[in-house]
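Trainee: Could you take me through the salt bridges closely, and then show me what surrounds them? I would like the cut-offs spelled out as you go.

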Amino acid sequence: MAPIGGMTETTNSTGMMLSIMPKMGEDLDPAPPLRAYIESRYSPEDAKGAEQDLETLTLLRSETMSTGQTPEQKRETLLSYYRATRVVEGRFPISKQAGHVNLPFTWTDAFDTKKKATVSDAKFERCATLFNLACSWTASACDADRDDPEGAKVAAHAFQRAAGAFATLEKIGEKAVSSAKRTDADSVTMDVSKECAAAMATLCLAQAQKCVFDKAARDGKSPGVLAKLARQAHLFYAETESALAASPLSEHIDASWRAHVGAMAALHFAEAEAAAAAALADDEDGVGPKIARLTRASRELAAGARAVKLTNGVSVGLITALMTLKDTIDADLQKHSRENEVVYMVRVPAYEDLPELGAAAMVKPAPPSPESLDAAGETLFSKIVPESGFKALSKYTELVDATIREETDVLALASDEARAALAEMELPELLVAAEAGAGSAIPGGARDAADDAHGPAERLYARALLHAARPLVHRLEHHAPVLVRRDAPRVADAGYVRGWVYFRQTIQRDHRGAPRSRPASEPVRLGEQRHDLLVARTAGAS
């Protein structure tokens, strides 16, 4: 395993793989600053109650720096610490500002260990954690025995998990770097930037695709399948090479990275062209395109080998792989060229005139599960209410108080209007008199109105309810006795009930405008002859 700037290279019979070196961080005890903040903003009792949580956070961060864990344990620790930092970020203001918690997180650049970043920002800490999570997956992939079919599957899976972690880092890296620039302009590392995370994700996909191609070649898949798999690996490597050659990564990442990735792109370009040539028939139609593809493949390998030889830090194994494949392709090219000169004698087409090879992507990023990154289920610092929570509660309380005041004013106004309307109709005195069953108890104004109308008291009572107090009609139905004038005969209970029901139905039908067989009747006023006849008819009186 030969170290290259920011990575390690592993070589076996199937080719070279890169394991990205993790970021190195300096020890930090977050407990004292957090304890001091809790004591000052909350109370010493709250700080004492959070002591166990402070110890847990300190232990998690120290374990992320240790090297005594298995890869599986390391990744579980990194995910636990990631969730813990999200809890801390949500409950405490982390920055260098006065009154905030100053937690100086210090990390080296994975591609230039001479550079360090000290940033008091939880987002930067989470980015470093995700970066190291991805690096752990690349290490597991490189440690797998890729010559074994199961080992090749394990490596391809691990590289996809690494690509997913880098893809997640790409989403939050831009926010972390921009946030850090506002507070620590001279201490931001490029390895957690959006551009670097995207390039590393593509590199991991390229290596995962290579694992699939190598296994397919060992399994004896058809040349057509091998051509598509190798073509996609070439595209992934070429995309990574373009990202490393562009700013800002070109000034930051060592040239050996670009040389290695470029050589791997050339290697798989040649593999794809050689497989496509092998799929062509050895006849007059196939020999020309076959020679054109093999010629182009040989040139790409030669160019890749020259670039590697001119760059320090690239392993000899990669150069050997390039030259070995070139010798094989040159032998086939010489053979088919001789056959064409002797037997077929056809024109060799230009490579640009040949159809472009198809590609088959068999891998994709596998990011960490949302549950593994979500801090909703964490109990860390659960008794500490964040400052934003106090502000939200205060705003909610003010809103509730304002709503109660408004509704109370509306209710008071409605109550005053209701009392005024009832007073105009001499209610509830009229209802009390009705329930008492005595016409003499009816208020004077209502009794005079009844006398002037030449109708019984119950008619005044009914009209007042229907026209002014409709909601009370249901309650009044339960009163069976009917109030009449002293000189009027009492109507039988059964006839009264039938008349009362018919009377109510008539009023309701006229009120809602429902379809009817006769024209709607005009509202009947107290004292009118028509009203007296209606009551008498419906009650069954003669």
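Mentor: Happy to! A salt bridge here is a side-chain nitrogen of Lys or Arg within 4 Å of a carboxyl oxygen of Asp or Glu. By that rule, aspartate 282 and lysine 290 pair through their side chains, at 2.3 Å from N to O. Before going on, note that this is a predicted model, where local features need pLDDT of at least 70, side-chain atom pairs count only at pLDDT 80 or more, and totals for chains, interfaces and linings use all residues. Residues are numbered from 1 along each chain as its sequence is written, and side-chain values use heavy atoms, with hydrogens and water left out.

How exposed or buried are the two partners? Aspartate 282 is exposed, at 52% relative accessibility, whereas lysine 290 is buried, at 4%. The cut-offs are under 20% relative accessible area for buried and over 50% for exposed, with partly exposed in between, using a 1.4 Å probe and protein chains only.

The structure holds 17 salt bridges. One of them joins lysine 116 to glutamate 26, with the closest N and O atoms 2.8 Å apart. Lysine 116 sits in strand 5 (residues 116-119) and glutamate 26 in the loop between strand 3 (15-20) and helix 1 (31-41), so this pair ties together parts that are 90 residues apart in sequence. Helices (H or I, at least four residues) and strands (E, at least two) are DSSP runs numbered from the N terminus. Both partners are partly exposed: lysine 116 has a relative accessible area of 47%, and glutamate 26 has 37%.

An α-helix has 3.6 residues a turn, so residues three or four places apart point the same way. Aspartate 330 is partly exposed at 22%, while lysine 326 is buried at 16%. Elsewhere, salt bridges with shared partners join Glu89, Lys123 and Arg126 into one network.

Now for the nonpolar surroundings. A nonpolar core is a set of buried Ala, Val, Leu, Ile, Met, Phe, Trp, Tyr and Cys residues joined through side-chain atoms within 4.5 Å. The largest has 99 residues, of which Phe92, Phe111, Phe166, Met200, Trp257 and Phe381 touch the most other members. Beyond its neighbours within four places in sequence, phenylalanine 381 is in contact (heavy atoms within 4.5 Å) with residues including Leu34, Leu54, Val88, Arg91 and Phe92. Apart from that core lies another, of 10 residues, among them Ala216, Leu226, Leu229 and Ala276.

Helix 7 (residues 194-218) is mostly covered, with 18 of its 25 residues buried. Glycine 220 follows helix 7 and has a positive phi, near 75 degrees. In helix 9 (residues 255-279), 19 of the 25 residues are buried, so helix 9 is largely enclosed by the rest of the structure.

How values were computed:
The expected span of a helix is 1.5 Å times one less than its number of residues.
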